Amino acid sequence: MANPLAHIHIRTYDTTCPRTDPLPSLQEGSLTIRPVLQSSDSSFGAEIFGVDWKKPVPDELVKQLISLQDRYAVLIFRETGLDNARHIAFSQQLGEKLEINPFFYGRENDRLGEPLLFDVGNIELDGSLVKRDSRRWHHSLGNALWHTDSSYHKQRSKYSLLLSHGNPVHGGSWTHFADTRRAYSDLPPEKKSQLEDLIVEHDLWHSRKLASPIIYGSPLPHELAAKPPAFHKLVQIAPDGRKTLYLAAHAKRIVGWEVEESQKLIWELIEHCTKPEYVFSMEWLRGGDMVWWDNRQSMHRANPYTDSMTARDVRRSTVVDDGVDAFGVVV
Ligand SMILES: [Fe+2]
């Protein structure tokens, strides 16, 4: 079986964003689009220029951006200058509601003081960096495995919007993305028919245990109660109408299969989806950079925390899925 932990190390993939060999830009109305990965039948990832983030984004432009999002799955905006309030306001234009951060324990204990944002950086309340072997350190290791956000929620998420505050150290901060639509499309026909009707159990504690077996081998009772598993079809229709694989390190078991046999197939598929031709590494260049991805048609991972990491202040809003597959399937 493929080793999930093989992914937990600091690296960049063959294609980076910005690319060292940029593809030609496209112009669409006031927007300039710089694609990241392009094949004959698929586009994945694009830097978008031309949005005026100083004022609220007009509805017409939001519509245009959603249509670009459906096509590219990952949109990158540089130096937006957005603050918490405008980050949230733009996210609220993209769906019915935002996820509430379950780790928000009240304003006095939360560095961001904002329940609609997830603090996914590495800075503690007192300004120091997260300590090695703290529970937060171990929890974050799971984010270094390939995953989609919130696939284990009863109502899953559709979009995540990650915004950088403060200037990252050059070359020190990356997020990696994988195109699950193109990866599905390249599977042989017999594999596609094997996968077609499979249902997958997604469990947050499964990915935490994979990444950090000592700490999360036995999650605390309140942790388990707060996050029961969810069930989703493995093969789904992406917003652009193509089929895609809905996969994540949270994927624990295929319904009706043993865990070991399930894990073998799940990690074989994750390995397939993360081949170099389907993957790029986005570099965080400056404060205000923002990446908006669709969890229903991509996977992503962070680099793990290390002793030599530099400060990284990134905050995420998460838009709840309001589509027909949001609640998955009942088993
Ligand atoms: Fe994530």
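These are my notebook entries on one protein chain, taken from a predicted model.

**Entry 1: overall build**

I started with the whole chain. I found 9 helices and 17 strands in the protein chain. Next I looked up the extent of the C-alpha trace. Along its principal axes the trace spans about 50 × 50 × 35 Å.

Of the 331 residues, 40% count as buried.

I turned to contacts last. I took those in the protein chain with a separation of 6 or more; residues 24 or more positions apart account for 80% of them.

**Entry 2: the sheet of 8 strands**

Which order do the strands of this sheet follow? I read S2-S3-S4-S5-S15-S7-S17-S6. The sheet is open and its pairing is mixed. S2 and strand S6 (118–119) stand at the edges; each has a single partner strand, so one side of each lacks a neighbour in the sheet.

I noted a general point here. Strands of a sheet pair through backbone hydrogen bonds, either parallel or antiparallel.

I then followed S15, residues 290–294. On one pairing, 4 bridges join S5 to S15, and the two run antiparallel. Phe77 stands opposite Met290 in S15. S7 also pairs with S15 in the antiparallel sense, over 5 bridges. There, Leu162 stands opposite Val291 of S15.

Is S15 enclosed or open to the outside? I counted buried residues: 5 of the 5 residues of S15 are buried, so the strand is largely enclosed by the rest of the structure.

I moved on to strand S7 (residues 157–165) and strand S17 (residues 313–320). They pair in the antiparallel sense over 8 bridges. Leu161 stands opposite Ser317 in S17.

**Entry 3: helices on that sheet**

I looked for helices against these strands. H2 packs on the sheet and touches S7 and S17. Its direction makes about 25° with that of S17.

H1 lies across strand S3 (31–39), strand S4 (42–49), S5 and S15. H1 runs at about 145° to S4.

**Entry 4: the sheet of 4 strands**

I found an open sheet with the order S1-S14-S8-S16. Its pairing is mixed. S1 and strand S16 (299–302) are the edge strands, and each pairs on one side only.

S1 and strand S14 (residues 279–283) run parallel and are joined by 3 bridges. Cys17 stands opposite Met282 in S14.

**Entry 5: backbone exceptions**

I wrote down the general rule before looking. Most residues other than glycine have a negative phi, and most peptide bonds are trans.

Where is the cis peptide bond? I found it joining Cys17 and Pro18, with omega about 5°. Pro18 sits in the loop between strand S1 (15–17) and strand S2 (26–28).

Ala73 has a positive phi of about 70°, although it is not a glycine. Ala73 is in the loop between helix H1 (59–72) and strand S5 (74–77). I counted 30 other C-beta atoms within 10 Å of Ala73; the cut-off for buried is 20 or more, so Ala73 is buried.

Glu79 also has a positive phi, near 45°, and is a residue other than glycine. Glu79 lies in the loop between S5 and helix H2 (84–92).

**Entry 6: His138**

His138 lies in helix H3 (residues 135–141). It is partly exposed, with 19 other C-beta atoms within 10 Å.

Which residues does His138 touch, not counting those up to four places away in sequence? I listed Ser212, Ile215 and Tyr216. I also looked up Lys209. His138 and Lys209 are 71 residues apart in sequence and 9.5 Å apart in space, C-alpha to C-alpha.

Terms used:
Residues numbered from 1 in each chain as written. Predicted model: local features only at pLDDT ≥ 70, side-chain atom pairs only at ≥ 80, totals over all residues. Buried ≥ 20, exposed ≤ 12 C-beta atoms within 10 Å, placed from the backbone. Contact = placed C-beta atoms within 7 Å. Pairing = 2+ DSSP bridges. Axes fitted to C-alpha atoms, helices over the stretch in contact; angles between N-to-C directions.
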